[in-house]
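Here is a friendly note to read beside the model. Please keep the sequence and the 3D view open as you go through the points.

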Amino acid sequence: MAVAQRRPILALCLAGTVLCLLPGQGFVGSPAGRLSNSLVVARVGAEYQERQSPRDADLPFDAAAATGDTVDVSFKKRPFGILRYTPGNGGKGAMVQEVIGKSRYPGDPQGQGFAAGVKGGWVVKTINGQDVQTEDFNTVMDLLDDEVADPRFSKSVALAIEKQGGRKAQPAEAPIAITYATIPGYEWKGEVLGADWEPAHR
């Protein structure tokens, strides 16, 4: 009888061991908590700040104050190579914060921002001719359609869209012409990513 009783227990233990050893699976069948170097376009502005959390160096700004020099940049495809944007006061406008610091090969989409000289502290002024300087941040992000995120965020992104009631705007058609503007007297203190930066460093 003792042997017969041990067999079901042994079978359960073996089943649990097999489940734990399956690639990418945890105890409840969810992706295991490991970092991935593979980045994808998340394509949504909903809850962007929850995924791309603010940094201590981010300084408040008023998007309407971006009346300084302007720079026109054309992006052929997504992603642009801009890792993070932040909203201005009142959740209006969008400022570039982090740009990938290299282009890995000719035509590298994630090197477009670097190749065009895009810099932190620039405010998005127009997208394909549409004035978005003081537009709602989530609307700007949906138009840009440029968020680069870990694939593990895909489910939370879908939930964020549903919670928000859908996208705020449809993605701007590529190639995308963007005009950036500077804020006179504004001192940007963010991080300049070097050529040795990799996704695993986030």
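The numbered points below cover the ground rules, the cores, a hairpin, some backbone details and the aromatic pairs.

1. Ground rules. This is a predicted model, in which local features need pLDDT of at least 70 and side-chain atom pairs count only at pLDDT 80 or more, while totals for chains, interfaces and linings use all residues. Residues are numbered from 1 along each chain as its sequence is written, and side-chain values use heavy atoms, with hydrogens and water left out.

2. The largest core. A nonpolar core is a set of buried Ala, Val, Leu, Ile, Met, Phe, Trp, Tyr and Cys residues joined through side-chain atoms within 4.5 Å. Buried means under 20% relative accessible area, exposed means over 50%, and partly exposed is in between (1.4 Å probe, protein chains only). The largest such core here has 24 residues, and those touching the most other members are I82, Y85, V118, V124, I127, L144 and Y180. Elements that give two or more residues to this core include strand 2 (70–75), strand 3 (82–87), strand 4 (94–99) and helix 4 (137–144). Helix 4 gives the most, with five residues. For these names, helices (H or I, at least four residues) and strands (E, at least two) are DSSP runs, numbered from the N terminus.

3. Which residues is V118 in contact with, leaving aside its neighbours within four places in sequence? They are V73, F75, I82, V96, V99, G113 and Y180, where contact means heavy atoms within 4.5 Å.

4. Strands 3 and 4. Five of the six residues in strand 3 are buried. Strand 3 runs antiparallel to strand 4, and five bridges join them; two strands pair if DSSP finds at least two bridges between them. I82 has V99 in strand 4 as its bridge partner. The two strands form a hairpin with six residues between them, and in the turn G90 has a positive phi of about 75°.

5. Two cis bonds. The peptide bond from R78 to P79 is cis, with omega near -5°, and P79 sits in the loop between strand 2 and strand 3. Another cis bond joins A174 and P175, with omega about -5°; P175 is in the loop between helix 5 (154–164) and strand 8.

6. N128 has a positive phi near 50° and lies in the loop between strand 5 and strand 6 (130–131). D145 has a positive phi near 55° and is found in the loop between helix 4 and strand 7 (148–149). Is each one buried or partly exposed? N128 is partly exposed, at 37% relative accessible area, whereas D145 is buried, at 5%.

7. Aromatic pairs. Rings of Phe, Tyr and Trp (its six-membered ring) pair if their centres lie within 6.5 Å; planes under 30 degrees apart count as stacked, over 60 as edge-to-face and the rest as tilted. The count comes to three aromatic pairs. F61 and Y186 have ring centres 6.4 Å apart and planes at 75°, so this pair is edge-to-face. F61 lies in the loop between helix 2 (48–51) and strand 2, and Y186 in the segment after strand 8, so the pair ties together parts that are 125 residues apart in sequence. F75 and F80 have centres 4.2 Å apart and planes at 20°, so this pair is stacked. F75 is buried, at 0% relative accessibility, and F80 is buried, at 0%.
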